[in-house]
Amino acid sequence: FERTFIAIKPDGVNRGLVGEIICRFERKGFKLVGIKILHPTKAQAEEHYADLSTKPFFAGLCNYFSSGAVVAMVWEGKGVVKTGRTLIGATNPAESTPGTIRGDLCIEVGRNIIHGSDSTDSAKAEITLWFKDSEVAEYQGNQTWVYEK
Ligand code: GTP
Ligand code: MG
């Protein structure tokens, strides 16, 4: 199955939303195959968000992402990149639908608590950036009860 990179940003960690966010992916049926907590350096934040380097908010974004501990995760499942983004909700929480993570749990675009890869290609690149192969676990999980076959 497909994998995606999900990160709970420093505001999400410091607000105590780690369990809530993991719960939403877990109960959907996705499988957690990698997880760690780390305090990103500014350079790591800049590399992670390199595609946004020309944006006016880039410096603020990198300061925000490197301002505290982040919970970095790899989630696996059918369509997890796209469906993960649906669970997360729109970039600007003012426009995120209630019921989504951002729609329920945050207010400002610059403090939107969670990151999710936006394509299978960026998921691959981000997983490689944040995780060694040995930090991603293969295990059975409950997939026979989640999928038709
Ligand atoms: P990520 O999952 O974090 O990558 O968000 P996204 O894919 O929904 O949006 P995008 O990649 O375009 O932007 C990355 C992050 O930059 C967003 O999650 C916001 O935290 C921040 N950001 C995006 N647009 C703005 C903006 O207009 N103003 C500010 N202050 N921050 C922004
Ligand atoms: Mg993005």
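**Close-up views of ligand 1 in a predicted model**

**View 1. Polar contacts to oxygen atoms of ligand 1.** In this predicted model, a polar side-chain atom of Arg102 lies 3.2 Å from an oxygen atom of ligand 1. His115 likewise places a polar side-chain atom 2.9 Å from an oxygen atom of the ligand, while Gly116 contributes through its backbone, with an N or O atom 3.0 Å from an oxygen atom of ligand 1. Taken alone, ligand 1 exposes 600 Å², and the protein buries 75% of that area.

**View 2. The residue shell and the pocket.** Ligand 1 sits in the largest pocket, where the residues surrounding it are Lys9, Tyr49, Leu52, Phe57, Leu61, Arg85, Thr91, Arg102, Val109, Asn112, His115 and Gly116. By residue class, this shell divides into 5 nonpolar, 4 polar and 3 charged members.

View 3. An unreviewed UniProt entry carries the annotation "binding site" for Lys9, Phe57, Arg85, Thr91, Arg102 and Asn112. From this set, Lys9, Phe57, Arg85, Thr91, Arg102 and Asn112 belong to the lining of the largest pocket. One of the annotated residues, Phe57, is placed in the loop that runs between helix H3 (42–48) and helix H4 (58–65), and Phe57 is also among the residues around ligand 1.

Methods: Residues numbered from 1 in each chain as written. Chains lettered and ligands numbered in written order. Predicted model: local features only at pLDDT ≥ 70, side-chain atom pairs only at ≥ 80, totals over all residues. Heavy atoms only, no water. Near = heavy atom within 4 Å. Polar contact = N/O pair within 3.5 Å; in protein donor to acceptor, adjacent residues only side chain to side chain. Areas by Shrake-Rupley, 256 points an atom, 1.4 Å probe, with all protein chains shown as cover. 1 Å grid on protein atoms, 1.4 Å probe; cavity = no way out; pocket = protein on both sides within 12 Å on 5 of 7 lines; lining within 4 Å. Sits in = over half its atoms within 2 Å of the grid points. Nonpolar A, V, L, I, M, F, W, Y, C, P; charged D, E, K, R; others polar. UniProt positions renumbered as here; feature names shortened; annotations may be inferred. Helix = DSSP H or I, 4+ residues; strand = E, 2+ residues; numbered from the N terminus.
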